[in-house]
Amino acid sequence: VLCRHAKRTTVTTEDVKLLARRSNSLLKYITQKSEELASSNMEQKEKKKKKSSAAKGERTPGEQEAAMTENEDSNMA
């Protein structure tokens, strides 16, 4: 119903939160689960990004810095 009112066909988490706003415990539970899902989705995206860059032979900025430090250390020895 809320998605139709907003002229959308997809129900978002915000739509569900809006429906649950009268029950504080339900709203708190839905908000907590929504945050957990969002953080796990971000972790999965980062893993995919690392895998795709590793497959291409690219390094992330942190890996580049570590490699530069290793090269500097080996040059000093």
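## Asp15 and Arg8

The side chains of Asp15 and Arg8 are joined by a polar contact of 3.0 Å, a term that stands for a pair of N or O atoms within 3.5 Å, where within protein one atom must be able to donate a hydrogen and the other to accept it, and where residues adjacent in sequence count only if both atoms are side-chain atoms. The pair also forms a salt bridge, with the closest N and O atoms 3.0 Å apart; a salt bridge is a side-chain nitrogen of Lys or Arg within 4 Å of a carboxyl oxygen of Asp or Glu.

Asp15 is placed in helix α2, which covers residues 13-19; helices (H or I, at least four residues) and strands (E, at least two) are DSSP runs, numbered from the N terminus. Asp15 counts as buried because its relative accessibility is 8%, whereas Arg8, with a relative accessible area of 30%, is partly exposed. Here buried means under 20% relative accessible area, exposed means over 50%, and partly exposed lies in between (1.4 Å probe, protein chains only).

## Basis of the model

This is a predicted model, in which local features need pLDDT of at least 70 and side-chain atom pairs count only at pLDDT 80 or more, while totals for chains, interfaces and linings use all residues. Residues are numbered from 1 along each chain as its sequence is written, and side-chain values use heavy atoms, with hydrogens and water left out.

## Other salt bridges

By the rule given above, the count comes to 3 salt bridges. One of them joins Glu14 and Lys17, with the closest N and O atoms 3.4 Å apart; both residues lie in helix α2, 3 residues apart, about one turn of the helix. Lys17 counts as buried, because its relative accessibility is 18%.

In another, the side chains of Glu36 and Lys33 meet at 3.5 Å, N to O. Glu36 and Lys33 are 3 residues apart in helix α3, and so about one helical turn separates them. Glu36 counts as partly exposed at 37% relative accessibility, and Lys33 is likewise partly exposed, with a relative accessible area of 33%.

Ser34 lies in helix α3, which covers residues 24-55, and counts as buried because its relative accessibility is 17%. If its neighbours within four places in sequence are left aside, Ser34 is in contact (heavy atoms within 4.5 Å) with Thr13 and Lys17.

Thr13 lies in helix α2 and counts as partly exposed, at 42% relative accessibility. The C-alpha atoms of Thr13 and Thr31 are separated by 8.5 Å, although these residues are 18 apart along the chain.

## Whole chain and surface

The protein chain has 4 helices and 0 strands, and from the N terminus on its elements run α-α-α-α. Of its 77 residues, 10% count as buried. The chain exposes about 7,100 Å², of which carbon and sulfur atoms supply 54%; accessible areas come from the Shrake-Rupley method with a 1.4 Å probe, and for residues only the protein chains shown count as cover.

## Confidence

The protein chain averages a pLDDT of 76, and 66% of the residues score at least 70, where pLDDT is the predictor's confidence in each residue, from 0 to 100.

By element, confidence in the protein chain is highest in α3, at a mean of 88, and lowest in helix α4 (residues 61-76), at a mean of 52.
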